[in-house]
Amino acid sequence: MPTIIPPKEGQSHPSESTNEPRSGGLFNKGKEEKFSFKEKEPRWSIDEIILDKNTREEIGDIIYFCQHQKELIEKYELDNFLKGRASVGINLYGEPGTGKSITAEAIAKALRKKVIEVNYSEVQSDKWGGTEKQLSALFEQAEASGNVIFMDEADGLMGKRQSEGANSETNNQIKSHLLTLIERSNVFIVYATNLFQNLDRAFFRRILFHVKFPMPKKDELVQLWKLHLGGKNIPKHPTDFSYETLADMSENLIAGGDIKNITMKLCVKHAVGRINELTNEIVKVEIEKYLKSIDDNKGIQREEQLEQTSIEQTNNSVNN
């Protein structure tokens with residue numbers, strides 16, 4: 001997982017001059033605590049990712065735009081309404097496990113940039129104004145390096161603003177600060193959201209591209225099962241094993257991230273001698289176990305949501 005790495009004592013931020021601080025912009029706030037975010041080389045390319053035709057075409061358009069932004073603005077006279085500095089936002093939304101995170105890496109790789117990967121928990125601070133400072137440091141680093149911010153689980157940071165609640169004022173201030181950074185920073189940002197409907201309208205308007213990642217259909221599932229179980233060291237029954245059958249079993253139920261987890265469990269069972277070879281029935285049993293775990297997890301989430309709703313209602317009653 002990506003981590004926030006505070007610079008060592010006496011060490012300047014890598015994007016800053018060792019002589020004079022940067023002038024102007026959102027980031028020149030005097031001497032403050034400095035934060036640095038880990039940058040990594042993207043591991044995936046677009047050709048390696050299994051996507052449906054429409055999603056692949058949309059990602060291709062996005063990459064083209066990012067690579068030829070200046071020429072497109074000049075050719076189509078877009079500078080008539082595109083004034084000043086602003087980020088290029090790309091929101092990948094859909095069910096978990098559908099390939100959003102690896103596609104974010106593939107976009108960065110196509111642009112020949114590294115990825116600065118963060119999620120809300122990594123920039124959240126219990127200090128007053130601490131979250132805003134870390135967000136500023138994140139955008140400053142991305143602007144200085146030219147690398148791509150990947151904001152995973154962005155729902156938590158960009159959800160609808162609230163007028164009531166114990167922490168509503170603080171959360172709204174954080175969202176307003178992020179909106180300002182998005183508008184005034186010359187950076188590429190890829191967001192991944194599972195709960196697209198919760199996105200605040202102000203964030204929606206400031207994100208140029210929104211791409212839905214649907215659950216894989218049969219053709220993609222056949223490719224996904226082949227990708228994960230196709231290794232020669234995973235023996236399959238010669239007549240009682242079919243990728244097409246596995247795709248039929250799993251259509252509309254699981255995605256690539258789920259198949260990865262199921263594959264790992266099957267490999268362990270083979271390694272310890274619990275199975276000799278894969279059959280359709282053996283894989284089916286593991287799929288059913290996995291789906292049961294998902295259902296159990298949803299039940300836990302519903303209980304947590306009800307508990308959180310009860311706490312918020314109690315806080316509102318006290319405040320009122």
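## A pair in the sheet

Met-151 in S4 is the bridge partner of Val-118. Strands S3 and S4 run parallel and are joined by 5 bridges. Strands here are DSSP runs of E with at least two residues, helices are runs of H or I with at least four, and both are numbered from the N terminus. Two strands count as paired if DSSP finds at least two bridges between them.

This is a predicted model, in which local features need pLDDT of at least 70 and side-chain atom pairs count only at pLDDT 80 or more, while totals for chains, interfaces and linings use all residues. Residues are numbered from 1 along each chain as its sequence is written, and side-chain values use heavy atoms, with hydrogens and water left out.

## Overall make-up

The protein has 12 helices and 6 strands. Of its 320 residues, 40% are buried. Buried means under 20% relative accessible area, exposed means over 50%, and partly exposed lies in between (1.4 Å probe, protein chains only).

Among contacts with a separation of 6 or more, 78% are between residues 24 or more positions apart. A contact means heavy atoms within 4.5 Å.

## The sheet

The 6 strands form an open sheet with mixed pairing, in the order S1-S3-S4-S5-S2-S6. Strand S1 (39-40) and strand S6 (209-213) are at the edges with a single partner strand each, so one side of each has no neighbour in the sheet. Even so, S6 is largely enclosed by the rest of the structure, because 4 of its 5 residues are buried.

Strand S2 (residues 88-94) runs parallel to strand S5 (residues 188-193), and 6 bridges join them. Val-88 stands opposite Phe-188 in S5. S2 is also joined to S6 by 5 bridges, again in parallel, and Ile-90 stands opposite Phe-209 in S6. In general, strands of a sheet pair through backbone hydrogen bonds, either parallel or antiparallel.

## Strand S4

S4 runs parallel to S5, with 3 bridges between them. Ile-149 stands opposite Ile-189 in S5. S4 is largely enclosed by the rest of the structure, because 5 of its 5 residues are buried.

In a regular strand the side chains alternate between the two faces of the sheet. In S4, Val-148, Phe-150 and Asp-152 point one way, Ile-149 and Met-151 point the other way, and all are buried.

## Helices across the sheet

Helix H1 (residues 53-67) lies across S2, S5 and S6 and runs at about 155° to S6. Helix H5 (residues 130-145) lies across S1, strand S3 (115-119), strand S4 (148-152) and S5, and runs at about 170° to S3. Axes are lines fitted to C-alpha atoms, for helices over the stretch in contact, and angles run from 0 to 180 degrees between N-to-C directions.

H5 reaches 23 Å from its first C-alpha to its last over 16 residues, close to the 22 Å expected at 1.5 Å a residue. The expected span is 1.5 Å times one less than the number of residues. H5 is mostly covered, with 13 of its 16 residues buried. Just after H5, Gly-146 has a positive phi of about 80°.

## Helix H3 and Glu-105

Glu-105 lies in helix H3 (residues 100-110). It counts as buried because its relative accessibility is 4%. Leaving out residues up to four places away in sequence, Glu-105 touches Lys-40, Pro-42, Arg-43, Trp-44 and Val-115.

The buried residues of H3 are Lys-100, Thr-103, Ala-104, Glu-105, Ala-106, Ile-107 and Ala-108. After H3 comes Arg-112, whose phi is positive, near 60°.

## Helices H9 and H11

Helix H9 (residues 218-229) packs against helix H11 (residues 256-271) at an angle of about 35°, with their axes 10 Å apart. Their crossing is right-handed. A crossing is right-handed if the near helix is turned clockwise from the far one by less than a right angle, and left-handed if anticlockwise.

From H9, Leu-221, Leu-224, Trp-225, His-228 and Leu-229 take part in the contact. They meet Gly-256, Ile-259, Lys-260, Ile-262, Thr-263 and Leu-266 in H11.

## Cysteines

The structure holds 0 disulfides, a disulfide being a pair of cysteine sulfur atoms within 2.5 Å. Cys-66 counts as buried at 9% relative accessibility, whereas Cys-267 is partly exposed, with a relative accessible area of 30%.
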